[in-house]
Amino acid sequence: MSRPRTVSARLAEIRESFWLVPAIFSIGAVAVAIGLSALELQLNLPVGGILPSGPAGARSLLSSIITAMISFTALVFSITVVALQLASSQYSPRVLRTFLQDRIIQATLGTFVATFLFAMVVLAALPTQEDQRLPELSLAVSIALVLASSATFIYYLHHITTVMRVSHIIGAIGAQTRRSIAHLPPPDAPPSAVPERVTRSVPATQPGMISNVDLALLGRLAREHDCAITVVPTPGDFIVAGAPLLLVHRTNGGTPRLLPTEAAEQCVTIGVERTPGQDLGFGFRQLADIAERALSPAVNDVTTAVRTVQ
């Protein structure tokens, strides 16, 4: 049975997802295409002469853009996925997450998808009669998006060949680990109430890796229920279903109020894989994987192994 997650945990998962930026680009392109086409056809904006072709020529142009962009997007990202798989097998399967969270890769996919979605909406808005006015500004924007996609593709090639180099991968993992260390909470102040014996144990309802602990929510629950709460596993640990997840203590002889199980479970996020953030060992695990593969007889790359410890 899956546990309910807090709003902050859901938002963090959405922010780290690969689909967020392409979805924003796609929705924005559809909204702009609908608004711009309606504005041109209703307000009769003075933009005549930009594209003097008739409805048949405009329909042919947009159809070519749609077909080309769909094929181009599928080809580019199919080759990219194969290259990333080769990189992950050479260095570490865990570094694939670094590529999926790259905003340049996400923005490139979003630009390609937005281009053919914009062209599809404009194609649907084209008039059927030859004497009707064309949405010429929308057609011009479609061409501009094609040019922007071409420029984005050139930069994308430069970026993807850069981020797939082992030195860049090691540097990105190191920077991510340093950010995780910098975001650690400050050392705890001397407690005003010393925790006493355990009064209750909250078990895990599902197996998985501990990815995040909501310390603010834990503190609020402890204050509201007059108790102290201890998280048994640390971020990065694997926990089985039924194992102790949280321990509830009395404080200075007080009697804690009943702590709701669902509220307590929301304080700890359990996932299927280790994630950066509070899991400080995840970055070191990736660096160790890269060094181990570099020193294997099949690779024998001492320079890469030395680079991981610098």
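**Entry 1: the helix pair**

I started with α10, which passes α11 in a left-handed crossing (the near helix is turned anticlockwise from the far one by less than a right angle). The model is predicted, so I kept in mind that local features need pLDDT of at least 70, side-chain atom pairs count only at pLDDT 80 or more, and totals for chains, interfaces and linings use all residues. Residues are numbered from 1 along each chain as its sequence is written, and side-chain values use heavy atoms, with hydrogens and water left out.

I looked up the geometry next: the axes of α10 (residues 280-294) and α11 (residues 302-309) come within 8 Å and cross at roughly 160°. That makes α10 roughly antiparallel to α11 (angles over 145 degrees, on a scale from 0 to 180 between N-to-C directions). Helices here are DSSP runs of H or I, at least four residues.

Who touches whom (heavy atoms within 4.5 Å)? From α10 I noted Leu 287, Ile 290, Ala 291 and Ala 294, and from α11 Thr 304, Ala 305 and Thr 308. By class I got five nonpolar, two polar and no charged residues.

**Entry 2: the cavity**

I found one cavity of 30 Å³ or more (on a 1 Å grid, points where a 1.4 Å probe fits but cannot get out). About 40 Å³ of space lies in the largest cavity.

Its lining (an atom within 4 Å of a point) includes Gln 176, Asp 279 and Phe 282. I saw α7 (166-182) and α10 as the elements giving two or more residues to that lining. The lining divides into three nonpolar, five polar and one charged.

Conventions
Parallel < 35°, antiparallel > 145°, perpendicular 65-115°, else oblique. Contact = heavy atoms within 4.5 Å. Nonpolar A, V, L, I, M, F, W, Y, C, P; charged D, E, K, R; others polar. 1 Å grid on protein atoms, 1.4 Å probe; cavity = no way out; pocket = protein on both sides within 12 Å on 5 of 7 lines; lining within 4 Å. Points joined across faces, edges and corners; volume = space filled by probe spheres on them.
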